[in-house]
Amino acid sequence: MATISKLSSPCPSSSLRSSIGHPPSSRPLCFLDLRPRTALRSLAAAASSGLSAKWDRASSRSSLVVKCSQNGANGSVVKRTTLHDLYEREGQSPWYDNLCRPVTDLLPLIESGVRGVTSNPAIFQKAISSSNAYNDQFRELVQSGKDIETAYWELVVKDIQDACKLFETIYDQTDGGDGYVSVEVSPRLADDTEGTVEAAKWLHKVVNRSNVYIKIPATAPCVPSIKQVISNGISVNVTLIFSLARYEAVIDAYLDGLEASGLDDLSRVTSVASFFVSRVDTLIDKMLEKIGTPEALDLRGKAAVAQAALAYKLYQKKFSGPRWEALVKKGAKKQRLLWASTSVKNPAYPDTLYVAPLIGPDTVSTMPDQALQAFVDHGTVSRTIDSNVSEAEGIYSALEKLGIDWNHVGTQLEVEGVDSFKKSFDSLLDTLQEKANSLNLVSM
């Protein structure tokens, strides 16, 4: 989570809460700064003001730091960052791929241009297992007779509801175009069509916020779930998309769901399609190294961005023409492409590799700390996603000629992604059981 540092002027969390989306002179000035965590000297002051100050002592890397100050009488405005430019100049929404308590840690990020939040089982596993911030609520839940998994969902729902409140102003200002917080159904349901539908309905009802996205994986059994959930008027973040073929099926499920909804006004049923990026290179690079030819080695680090550019081309094609125009007349909004897995896994690659080349209108880039930090520090804002589609097509074809089966790559990454989330989910439930034991609670 972002670390919060303070300037000399106070910036209490209560002021931040009241300032989002409002113009009074007390609105805090927030901007992003980059410096080693070990250089921070105002953590205690930040904590005393009610803002959470998190410091990973085991890490010596630079971290995203948010510094806040009250503006003076000169009427100055929030300092711009590249995140503001990304949205205002190029139409791409920067989201943050992380969530933990206290959610007020998100406030300076919002001021600095972040427009939404994504979460997943791995993020909650890390948040809940490594923090004491959940102990009080967890103790109350278990002592009241809740079993471990039920308690887990109540912890998650509270975080999602609180985060939705923080982004509510952005949601309202954009007429439901932005300001979303995503929460995923249980990864144990990735092969269960009806179970996923019921879980999505339940999550949507219990969170009860207009700006929540229910995340559903793009597995073959869950593609029909997407259609059904959309038809019920529930907004969806479709996650774990790794191939063009599956992405097209996801788009069709969204369109089918809108058409099947029977709603006269479709403007409040929205969706994003989370197309994963860096993991594609991680897998294909290994394949290319195994092939070992100069041509193969030269293609390392190029597959993911090339496929993403072709996904955007497909997006433009599918959201045009008579079928789409008929839905637009009922208020339908495009299912935006969301670039996920944007952190660089190979240190030899530029740290903005999965952000800078994927900038384009009607898209979202959700970034964890590493990617967000890098882009704010030295990212360049310009439309890049369709700047050289022919080159992307050439790379895609060249990889096929070398024997890379894109559908096989997509399937393998999907299996690995689902398995990773299941392991995180199961690990977290085990951790909560251990926590219940350590807190001297009755084992359920």
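**Note on the predicted model**

1. The protein chain has 17 helices and 10 strands, where helices (H or I, at least four residues) and strands (E, at least two) are DSSP runs numbered from the N terminus. This is a predicted model, in which local features need pLDDT of at least 70 and side-chain atom pairs count only at pLDDT 80 or more, while totals for chains, interfaces and linings use all residues. Residues are numbered from 1 along each chain as its sequence is written, and side-chain values use heavy atoms, with hydrogens and water left out.

2. Of the 444 residues in the protein chain, 56% count as buried; buried means under 20% relative accessible area, exposed over 50%, and partly exposed in between (1.4 Å probe, protein chains only). The chain exposes about 18,100 Å², of which carbon and sulfur atoms supply 49%; these areas come from the Shrake-Rupley method with a 1.4 Å probe. Among contacts (heavy atoms within 4.5 Å) with a separation of 6 or more, residues 24 or more positions apart account for 78%.

3. The largest nonpolar core has 133 residues, and those with the most contacts inside it are L106, Y152, I160 and Y247. Helix 7 (residues 148–173) supplies the largest share of this core, 14 residues. Such a core is a set of buried Ala, Val, Leu, Ile, Met, Phe, Trp, Tyr and Cys residues joined through side-chain atoms within 4.5 Å. Leaving aside residues up to four places away in sequence, Y247 touches I241, A273, F275, A311, L314, Y315 and L337.

4. The count of aromatic pairs comes to 15. The rings of Y152 and W153 have centres 5.0 Å apart and planes at 70 degrees, so this pair is edge-to-face. W153 also forms an edge-to-face pair with W202, at 6.1 Å centre to centre and 85 degrees between the planes. Because W153 lies in helix 7 and W202 in helix 8 (residues 193–207), the pair ties together parts that are 49 residues apart in sequence. The rule pairs rings of Phe, Tyr and Trp (its six-membered ring) if their centres lie within 6.5 Å; planes under 30 degrees apart count as stacked, over 60 as edge-to-face and the rest as tilted. W153 is buried at 11% relative accessibility, whereas W202 is partly exposed at 43%.

5. Two further ring features deserve mention. Ring pairs link Y254, Y312, Y315, F319 and W324 into a cluster. R115 lies over the face of Y87, at 3.5 Å from the ring centre; the criterion is NZ of Lys or CZ of Arg within 6 Å of the ring centre and within 35 degrees of the ring normal.

6. In helix 9 (residues 223–231), the residues V223, S225, I226, V229, I230 and S231 are buried. Their cover includes helix 8, strand 6 (212–217), strand 7 (236–241), helix 10 (244–260) and strand 8 (271–276). Helix 9 is followed by G233, whose phi is positive, near 80 degrees.

7. P368 lies in the loop between strand 10 (363–367) and helix 15 (369–378), and counts as buried at 18% relative accessibility. The C-alpha atoms of P368 and Y96 are separated by 5.9 Å, although the two residues are 272 apart along the chain. Not counting residues up to four places away in sequence, P368 touches Y96, D97, T342 and S343.

8. A search of the whole structure finds zero disulfides, a disulfide being a pair of cysteine sulfur atoms within 2.5 Å. C100 counts as buried at 9% relative accessibility, and C222 counts as buried at 0%.
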